[in-house]
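Please read the points alongside the sequence and coordinates shown here.

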Amino acid sequence: MAAVKRGGGKPLTTKAGTRLDPEVEKRLTDEAEAGFDPSPLTRRHAGRPSLSGRAGHSNRVDLRVDDETYEAIRRIADEDNRKISDVVRDAIRRFLEAN
């Protein structure tokens, strides 16, 4: 069933902006009672795209750092308008290329 925005005294609308009048309500009710056919739906994959360039999940590395290191990373990320994970990924890549 379509999600409905509730807005004070305004007419109800679906997220797509369709006004929810009695005719639309009846159509949605009839569709729900007849059963739902998922075949026309398009599958959407949840989550972020893989960083490896191929389908599937990217490897994940969790690590802990001291406050000073974290603040330095956060400062660089803020200055460059980047995410902390992007800064860390770039630093690791540069380290590996240098060795």
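1. The side chains of Asp90 and Arg93 form a salt bridge, with an N to O distance of 4.0 Å. The term denotes a side-chain nitrogen of Lys or Arg within 4 Å of a carboxyl oxygen of Asp or Glu. The two residues are about one helical turn apart, because they lie three residues from each other in helix H3 (residues 84–98); a helix here is a DSSP run of H or I with at least four residues, numbered from the N terminus.

2. The model is predicted: local features require pLDDT of at least 70 and side-chain atom pairs pLDDT 80 or more, whereas totals for chains, interfaces and linings use all residues. Residues are numbered from 1 along each chain as its sequence is written, and side-chain values use heavy atoms, without hydrogens and water.

3. Asp90 is buried, at 19% relative accessible area, while Arg93 is partly exposed at 43%. Buried means under 20%, exposed over 50% and partly exposed in between (1.4 Å probe, protein chains only).

4. Asp90 and Arg93 also belong to a network of salt bridges that links them with Asp80, Arg82 and Arg94. Within this group, Arg82 pairs with Asp80, their closest N and O atoms lying 3.9 Å apart. Arg82 is partly exposed at 32% relative accessibility, as is Asp80 at 43%.

5. Asp62 and Arg60 form a further salt bridge, at 3.1 Å from N to O. Asp62 is exposed, with 63% relative accessibility, and Arg60 is exposed, with 72%.

6. How many salt bridges does a search of the whole structure find? The search returns nine.
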